[in-house]
Amino acid sequence: MTELIMPKAGMAMEEGKIVRWLKDVGDRIEAGEAIMEIETDKITMETESPAAGILLVKYYEDGDVVPVTVTVGYIGERGETVPDAPMVPSASVGGGVPDAPLAHVPAQHTTCSTQNSIIPLATPYARTLAAQAGVDLGTLTGSGHGGVIKARDVQKVSADAGHADGDTTVPLAGMRAVIAERMTRAAEIPAVTQSMKVYMDDLLALRAEVNEGCAEKVTINDFIIKAAAHAVAESDLFRTEIDMANCRLITRAQTNIGVAVALDEGLMVPVIRDADKLTLTELSVRAKDLAARARGGQLLPDECRGSVFTVTNPGASGIFTFTPIINQPNAAILGVGSLHEELALVGGAFVTRKFVMICLTYDHRIIDGTAAAVFQRRIKGLLEEPAVMS
Amino acid sequence: MREITYAQAVKEAMSEEMRCDPDVFFMGEDIGVYGGAFGISNGMLAEFGPERVRDTPISENGFVGAAVGAAVTGSRPIVELMFSDFMTVCFDHILNQAPKMRYMFGGKAKVPMVLRTAAGGGTGAAAQHSQSLETIYAHIPGLKVVVPSTPYDAKGLLKTAIRDDNPVIFLEQKLLYRTKGDVPEEEYTIPFGIADIKRPGADCTIITYGRMVQLSLQAAELLAQEGIDAEVIDIRTLLPLDTATLIQSVKKTKHCVIVHEAVKFAGFGGELAATIHESEAFYYLDAPVKRLGAVSAPIPFNPVLEKNCFPTVEEIVQAVRETQS
């Protein structure tokens, strides 16, 4: 009999959500065959069966969140007896009788598909506090003996929340927790943001030309990613990471550009590798594919790693300028405002011109203001004369 | 304040009550000339004479029955049963006569007697002289059951027992007889049904009585060194039981460990745990209630084996620690 565990798919991963089981209890499965789909703080992925055999038991249902390395089921041969619940390591002292398996998980609830049908093991006081604070015990991970939810676990999420009637509390977990942790660390970076106006009329004209008769349209953002990749490839500083712990600067050879993708539950930054070596069309296809898979939860962990520079474009949101936060360990990030129109005097005549503000936030430990201005002007130049890029 | 032993406190309580109430008399095996198997009543024969300090034959069934009759007919007997283990030979009086009469006679009879007896182990007295059988008494409606842990409590509670119009089982743990403690010269009594918080604390309630109070207090000192602030509550009387103090304490500390010298299985700790679980304190528990008691075995004569039968300070410390983990 082989146990199936919630895998630890990344260094920072502490729990995973079973998005859905791909096999039912009783199904035969081969080693390496996909058995369940899980969601980590970063991505959704399929988990492979560690052995061939029959899926004998599932201890958790679709939608359940399970700490990493916890047994979620067993694979074996028909007729093998499985424990009523996954064995939980015992820390008790004395007493010759080994702890019985925790009895809170029904042996078979495969016929019952109600969500979160497992009753969380919690002390009475934890339940009392949770009821008072409106905390759902099912969302907590117990810190007590055998994973029991204790009062302190509830207090951790409800502390300082200053609960009033109607308020709700949810634990900080998953993608939101990762973002919170990274944003907090980013606040330590001495960063400067500077904005520059970029006229877009020529680029818009070129885009219309390129897209003429094409099914797959190139977006403004594709041009911006292209321009950024161009400028980053030319500038070692913008491919440099700071390693304070070891007192060194590391300049990356590859121009891998991260592209922020907004999701309902947070933000993901898939990475376009060697973006400077791709044509505008290739880059556009690649960016669309990554964004679509990010929204579908199908990105692999590696597709979110290794960027040297990030572009974030909130699109037609009406934003004029903003101060993007550096995506560590990048040295800088480029934010793009919405397209605006202005009246200008050109050659003695009034004309309307379209522009965006590009907002560059850079790590002042690595990059100084002059270098940043040169870099930003380079992007401006590329965008205002886009023909040189394509 | 002066310090006296637990044994002296028991003698003082009996002597004071006998001085002020001529109806009180004392009987038992070897209590007169010999001064009692544990030396409690040394000098009492000389002070009160053979009418009021009566040596009996080895005949528990006879003299406990006689005490019930004397109580019903107007005296206030104190009976010493040399070892509480011997209650079985006079058990009909303890179970069917003394506690029932007041009820069965519609309140027309009362049974103001005290049955004092030496209980508990730790003296190398083996299986038939070392038991803690208080739960058996506590299971009988109509009896009151007292297990004092200090000289102060022993004196104050025994005086209350002698003045009580109902049969009282007064259990004195043998290892406590030589322990010393502050006892005022002035007269005082301690009412039944009032638990005593021997050490206030915030993190875990240790509910205990008798000799285990000392061990629990030692455990609390060790726990304090690790930052765990244990509250030690001595229930003093099992029946009537001060449930309010226990419930209030557990609501405060959120954790509860119960310690007694009697066998854990089906012991009084089960009643105490249920008291917590049946009360609103249940909703404040942040760990299961833990019980410590003697192993389910006749107490061995071998001193090493005997020592390992009973809860130890280390075990109490560990149990409290586990509630906090």
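Please bear in mind that this is a predicted model. The largest nonpolar core has 109 residues, and those touching the most other members are Ile206(B), Val257(B), Ile316(B) and Val320(B). Helix H1 of chain B, residues 6-20, supplies the largest share of this core, with 7 residues. A second, separate core of 64 residues includes Ile29(A), Val57(A), Val269(A) and Leu278(A).

I turn now to chain A. It has 7 helices and 19 strands, and of its 390 residues, 30% count as buried. Among contacts in this chain between residues at least 6 apart in sequence, 61% join residues at least 24 apart.

Helix H5 of chain A, residues 220-234, reaches 22 Å from its first C-alpha to its last, close to the 21 Å expected. Is H5(A) mostly covered or mostly uncovered? It is mostly covered, with 11 of its 15 residues buried. Among them are Phe223(A), Ile224(A), Ile225(A) and Val232(A), and also Asp222(A) and Lys226(A).

Finally, the interface. Here 10 residues of chain A are in contact with 9 residues of chain B. On the chain A side, helix H1, residues 124-133, gives the largest share, 4 residues. By class, that side has 5 nonpolar, 4 polar and 1 charged residues. Thank you.

Technical notes
Residues are numbered from 1 along each chain as its sequence is written. Chains are lettered from A and ligands numbered from 1 in the order in which they are written. This is a predicted model: local features need pLDDT of at least 70, side-chain atom pairs count only at pLDDT 80 or more; totals for chains, interfaces and linings use all residues. Two residues are in contact if their C-beta atoms, placed from the backbone, lie within 7 Å. Helices (H or I, at least four residues) and strands (E, at least two) are DSSP runs, numbered from the N terminus. Ala, Val, Leu, Ile, Met, Phe, Trp, Tyr, Cys and Pro count as nonpolar, Asp, Glu, Lys and Arg as charged, and the others, Gly among them, as polar. The expected span of a helix is 1.5 Å times one less than its number of residues. A residue is buried if 20 or more other C-beta atoms lie within 10 Å of its own, exposed if 12 or fewer, and partly exposed in between; C-beta atoms are placed from the backbone. A nonpolar core is a set of buried Ala, Val, Leu, Ile, Met, Phe, Trp, Tyr and Cys residues joined through C-beta atoms within 7 Å.
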